[in-house]
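User: Could you take a close look at one helix pair for me? I'd like the details, then a quick word on the chain contacts.

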Amino acid sequence: MNLFLFCFDLLLSLTLLALAVAALSSRDPRRGVILFITFGLLLALVWARLRAPDLALTEAAIGAGLTGALMLGAARRAAPRFDSEDSR
Amino acid sequence: MNPEILITQMLYGCIGLALFLLGIGSFILHEGLWRRLIALNVVGSGVFHVLVAVAYRGLEQTPDPIPHALVLTGIVVAVSATALALAFGRHLEDQNDHA
Amino acid sequence: MRPPSLLCLLVPLLLLALGLSLGWALGDGLKGYSGERLAEVALELVPESGATHPVTSVLLNFRGYDTLLELAVLLTALLGIWSLGPAAPPYPPPGLVLASLVGWVVPLLIITGGYLLWVGAYAPGGAFQAGAMLGAAGVTLTLAGHPTGGLPAEPWQRLLAALGTLVFLLMGLGLMALGSGFLIYPKGIAKWLILIIEATATLSIGVTLIAAFLGGRPMSLRNRSR
Amino acid sequence: MLDPLALAVAWPLLGALSITLLPRWAAHLGILAAVGATLSALGVAFAVMDSGSLTSELGGWKIPLGIGLRADGLAAAFLAMVNLVALGVSIHASVYFADSKARHHFWPLWFLLWTALNALWLARDLFNLYVTLELMGLSAAALGALSGTRESISANLRYLLLGLAGSMTYLLGVALLYVAYGSLDLVQVARSLAPGPSSAAACALMIGGLSLKAALFPLHFWLPPAHASAPAPVSAALSALVVKAAIYLVLRLWLDLFAGIANASAAMLLGLLGGSAVLWGSWQALRAERLKLLAAYSTVAQIGYLAMFLPLIAAAADERGRASLLVAWVLLALTHGLAKASFFLATGLVQKTTGHDRIAELGGAAQSLPAATFALGLAGAALIGLPPSGTFFAKWILIQAAIASGQWWWVPVIMLGTLLALGYVFRLLARAFTREPTPPHFVTSARAELSALLLAVLAMLGVGLAARPIANLLGV
């Protein structure tokens, strides 16, 4: 079996998991959202590898891009709130 | 079935399951709209990832188009729900500010 | 407020147990199946569907009803957002560099959207990807300080947002009235019907995504109701 | 070829779209679409009564490639009830929202919810069910937040998020089934379902996700605040129809899809949760200080009764016992749907006239709001299960089945639940009937009162008297 491909798969998967954990455990909204967007982009890459280019495109544009933009737009408002909560 | 394909499906499928569970855990344990929405989106990505993984049938063969269509539908539904939830959140914040 | 520590310990343990059993279940499912795969049936019938790209065939023909309801979900989200109140204040106008960048990026995104819509019939692409590109163009405009992200006045927004679902539904009903059956495309014109549905769905998806990003009812309605 | 099943979904969707395009005509178009949708749904129900189950393959592709719709007796009975209630709610809403800012927003969202409900009863494709669940969840949350108060927005945000978690869990179960059986069609998967880890895991995920949406104890915590803070017509729809849709799916999957693997101990677990829901919900309803909160907790209890049937159905000795339990289940669910809708609509009238819904200050309501109080009383009697309501027959069959199968411990639970229900309904009526010098408001709006009253009468008399036709419809 193709060992090289398997190692590549394993590496991709572990990075994906690590990004998810980082996004989920971040306490700062902006950081969390940016990590989530990165996660979404990597997920799109993985789906391209799994021969799903349609999904990769959609995930990059909607799953990561638009969802991320929506969340960042809201994070812009929530960030000062968060900072003041943090300093308290 | 080709064992190589099975291993790939299994690897990515399990990663999808792990994403689902991580998201659910974070959804239960963390508070705040932020973290819950990120958690739900990770949950969704996990489920979609399982579907993409099982649709894979080797590099040479055309993958199963049905799970792909389901995932496309799911992604659009997920972004709709996220947008609605964020609008709810924004109006709660506005009301807090006015109060 | 921090959740109680018992929960912090218990939840991961439970999830781990659940994960192991789910992994087992997935492995069992992947190995165990020995019947005819739906994939084979679908791929075989793709030529009859009016599109040559399998995913497009499934989305707009085999499982078109799902897509119809999904467009309704998108519309629901938008109407829900509008019901909550007016849009957020616009972003501040951008600097010179960003403004000229926007002038490049927006047309590029729209052209990409049109391209994706067209190739969707035979290659990766289609209404969702194209709609996402339109959405991205509008989001870029909004971020650059455009108050409505390039969207027209409210009645037009309503029309554009509902258009995809409306055309899809009316086509289904019309085919039923003509004796063909709900969403049953006659073989010869299936290709064109799918293209019409995709084009209108692209517009609706794009407009809905932009309007959702704006986050509230268009300003015009608020002014009028005052 | 006219497809009545597709028409039942298309009508309300067409209504939603036309109102979206022409918001000025919302109320007129709304009534038109409501009548059309109700007629098309009743048409389906009568067709099923005449000629048995209907199936249609949408898009002309054979199941499992295409998506199937199906109306059997169970689906037809619910479709008829849901559309009658929805028609009543629409008529009531045309008065309730007549001069409110929310009217532009209510109508299109309401018809989207209606679309989701009709699509859900008719669906037989597991993924299609996911889409209808999401359509239902999103439109229900948006409608619930229409009152615009802080309370309602935060309660419905929580409902939205939990609903999403529930439907995602359901979807993972569907994915596992697709992996193992290569189909999304409920009937086909059920035919090839074999005991094993993947079917068990799928069962747990799907039933679990739906229980969250159905507010089955202890996952009910989101329901009371969400239903108590919504505008009254919306509360009626949420409590009577939306929650019912989720518990209907639990039963549907349990009996149709997972019949081969659903074992007695799992059924017992769901039954025990149901029993706890009955006791906890009724107790909380008795303690509630506001009318809408009382009604919402009573819904938690009623969902509990519906879950309590599962272990008894599993233990039923023969096919006849099973069938009569199924009829009882439907009677209970239909009566609750009608009665709870009427209860909430009447509450809305009380709230509109008096400006509040605090039970302690309801004194004199019977004098000032005779029609609404009468509707509350009738709906309350149907909720308790006084004869000849459907609840009475349902509880009777339930108790008989519990004794026959040796599961005697359900009997005290039912008794206690009924006593508590008597308590909370009479506490409310006693308040309403006290003589107090209140300014009289006779008929506030005939249209609004009539829909509440008619639904209450249907709940109290209609379902019980129609028990025979309903049993015929279910093929017993």
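In which crossing, left-handed or right-handed, does α13(D) pass α16(D)?

Analyst: A quick note before the details: this is a predicted model, where local features need pLDDT of at least 70, side-chain atom pairs count only at pLDDT 80 or more, and totals for chains, interfaces and linings use all residues. Residues are numbered from 1 along each chain as its sequence is written, while chains are lettered from A and ligands numbered from 1 in the order in which they are written.

Now your pair: α13(D) goes past α16(D) in a left-handed crossing (the near helix is turned anticlockwise from the far one by less than a right angle). Helices here are DSSP runs of H or I, at least four residues, numbered from the N terminus. The axes of α13 (residues 319–354) and α16 (residues 390–404) of chain D come within 8 Å and cross at roughly 145 degrees; axes are lines fitted to C-alpha atoms over the stretch in contact, with angles from 0 to 180 degrees between N-to-C directions.

Residues in contact have C-beta atoms, placed from the backbone, within 7 Å. On the α13(D) side these include G321(D), A328(D) and L332(D), and on the α16(D) side they include G390(D), F393(D) and I397(D). That contact has 10 nonpolar, 5 polar and no charged residues (Ala, Val, Leu, Ile, Met, Phe, Trp, Tyr, Cys and Pro count as nonpolar, Asp, Glu, Lys and Arg as charged, the others, Gly among them, as polar).

As for chain contacts, 45 residues of chain D meet 47 residues of chain C. α5(D) gives the largest share of the chain D side, 9 residues, and that side has 30 nonpolar, 13 polar and 2 charged residues.

Definitions and conventions. Contact = placed C-beta atoms within 7 Å. Helix = DSSP H or I, 4+ residues; strand = E, 2+ residues; numbered from the N terminus.
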